[in-house]
Amino acid sequence: MIELILPAIVSCIVAFFVVFALTPPLIKFLEKRNFVVKDINKKEGVMIARPGGISIIAGIIASEIVLYTFLQLNEILAITITTFAAFLIGYVDDRRVMGGWFKPVALAIAAIPIIVFGVYDSDLAFPIFGTVQIPVLYLGLIIFMIPITGNIINSIDVLNGVASGFTVIASFSLSICLFVMQNYEIAIISLPLGFVSLAFYKYHKIPSKIFPGDSGALTLGAMYGAIAIVGDVEIIAAVALLPAVINSFLFLSSVKRIVEHRQVKGKPVEHTNDFKLKATDDKTAPVTLVRLILAGGPLTEKQVGFAIFKLAIFSGILAIITTFLMGVYS
Amino acid sequence: MKSGLYGFLFAMWILILLGGGILVTILGPISISGFGQFNMFIASIIKAIIAIILVVIWILILSKLKNWIFRKEIKS
């Protein structure tokens, strides 16, 4: 444990400061090249630089290289390669409009390094009751997990700062759970995800100066999923991600097919005269987490964001309770 | 509405715990004999089919729960 403290500190510093230092010049670069999109939730219709995934992946790769120099674990390679593949898939989607099936299928392929490096345990651990051995089925779980976590984080990237802020809370909750389970090496490998998200949140929070884009959201989600598999904390990771899971569940159960948000015609949310967010009465619009939060009345974008963060903290606490329940049978 | 969301989160968590219990205590111990070297393969297929049915049942329960919680909240 003691020998892991130095790599942990150095990798977290590298993760935070690479993103912190790289994002401002990236914003200038993207603005100069007109890689900007309209922020639809601002009255003035300001244009925001995108994609910020470039600085996010730079921070992740730099910090994981630091960790690999110290620890030389195949787990680090598998997580980093899967995350980088997810970034590339997201970047393609940022530059060209791809079909609804592109990301799930491509992200399933991105999960292959985890299988190739053999850095998984095919026993699925559940709280209270113990583990179930599913050697064949587990391979399917790996293939499904990365597209699910990637798209779940992507689907919650709807307001300023939400995707990065939510990932900060979920990933630090997951790191705490890994420390509680005494899985110290994977806990340390997971820490850069939280610090990269935290540094990016500084520029993504309301009013955003940059959007992560699909490349950023898929990078964060795929790394989260890869850590869950490699750390053997799939169920705990799912619990920490529950508000975003609910968002995807509500969306899919209302549109009843896998579809890109931009392909949905009905608007779930509209603006009041003072530019607060308000749930619509449109029956063709999908039900989303934001729409449900707004069902009580109009709120500002910042208030909706904080409501999502409170839900994330609540599910983070449930994840930590789940971790302690894992110890019941051991 | 927000209290409904916390309730829905908590219900999902309970369903995850219950689902884990069913998987570990009922589905996990299932073993098949009489098919020689295919025993494990056939057992895996049966487990996969039951697991998929369970997932579908869980999704239906969540849909009903969602409608019940949020309709109740909107009415109040």
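The model is a predicted one. Of the 19 residues of α7(A), 15 are buried, so the helix is largely enclosed by the rest of the structure. Just after α7(A), Q182(A) adopts a positive phi of about 60 degrees. This residue is not a glycine, and its place is in the loop between α7 and α8 of chain A. Because 8 other C-beta atoms lie within 10 Å, Q182(A) is classed as exposed.

A positive phi is also found at I128(A), where the value is about 70 degrees although the residue is not a glycine. I128(A) is located in the loop between β3 (123–126) and β4 of chain A. With 15 C-beta neighbours inside 10 Å, I128(A) counts as partly exposed, whereas Q182(A) is exposed.

Cis peptide bonds form a further backbone feature. The bond from R50(A) to P51(A) is cis, with omega near 10 degrees; P51(A) is found in the loop between β2 (47–49) and α2 (53–71) of chain A. The bond from I206(A) to P207(A) is likewise cis, with omega near -5 degrees, and P207(A) is found in the loop between α8 (184–204) and α9 (213–230) of chain A.

Two packed helices are described by the angle between their axes and the distance between the axes. In chain A, helix α3 (residues 74–95) and helix α4 (residues 102–110) pack at an angle of about 160 degrees, with their axes 9 Å apart. Since angles over 145 degrees count as roughly antiparallel, this value makes α3(A) roughly antiparallel to α4(A). The crossing of α3(A) past α4(A) is right-handed. From α3(A), the residues T82(A), A85(A), A86(A), I89(A) and D93(A) meet F102(A), K103(A), A106(A), L107(A) and A110(A) of α4(A). By class, the residues of this contact comprise seven nonpolar, one polar and two charged.

The pairing of α2(A) with α8(A) was examined in the same terms. Their axes come within 10 Å and cross at roughly 155 degrees; α2(A) and α8(A) are therefore roughly antiparallel to each other. Their crossing is right-handed. On the α2(A) side, S55(A), I56(A), G59(A), I60(A), S63(A), E64(A), L67(A) and L71(A) take part, meeting E185(A), I188(A), I189(A), P192(A), V196(A), A199(A) and F200(A) in α8(A). The contact of α2(A) with α8(A) contains 10 nonpolar, three polar and two charged residues.

Chain B has 76 residues, of which 14% are buried, and contains two helices and zero strands. The contact between the chains takes 27 residues from chain A and 24 residues from chain B. On the side of chain A that touches chain B, the elements giving two or more residues are β4 (130–133), α6 (135–155), α10 (234–240), α11 (242–255), α12 (289–293) and α13 (301–326). This side of chain A has 22 nonpolar, five polar and no charged residues.

Conventions:
Residues are numbered from 1 along each chain as its sequence is written. Chains are lettered from A and ligands numbered from 1 in the order in which they are written. This is a predicted model: local features need pLDDT of at least 70, side-chain atom pairs count only at pLDDT 80 or more; totals for chains, interfaces and linings use all residues. A residue is buried if 20 or more other C-beta atoms lie within 10 Å of its own, exposed if 12 or fewer, and partly exposed in between; C-beta atoms are placed from the backbone. Helices (H or I, at least four residues) and strands (E, at least two) are DSSP runs, numbered from the N terminus. Two residues are in contact if their C-beta atoms, placed from the backbone, lie within 7 Å. Ala, Val, Leu, Ile, Met, Phe, Trp, Tyr, Cys and Pro count as nonpolar, Asp, Glu, Lys and Arg as charged, and the others, Gly among them, as polar. Axes are lines fitted to C-alpha atoms, for helices over the stretch in contact, and angles run from 0 to 180 degrees between N-to-C directions. Angles under 35 degrees count as roughly parallel, over 145 as roughly antiparallel, 65 to 115 as roughly perpendicular and the rest as oblique. A crossing is left-handed if the near helix is turned anticlockwise from the far one by less than a right angle, and right-handed if clockwise.
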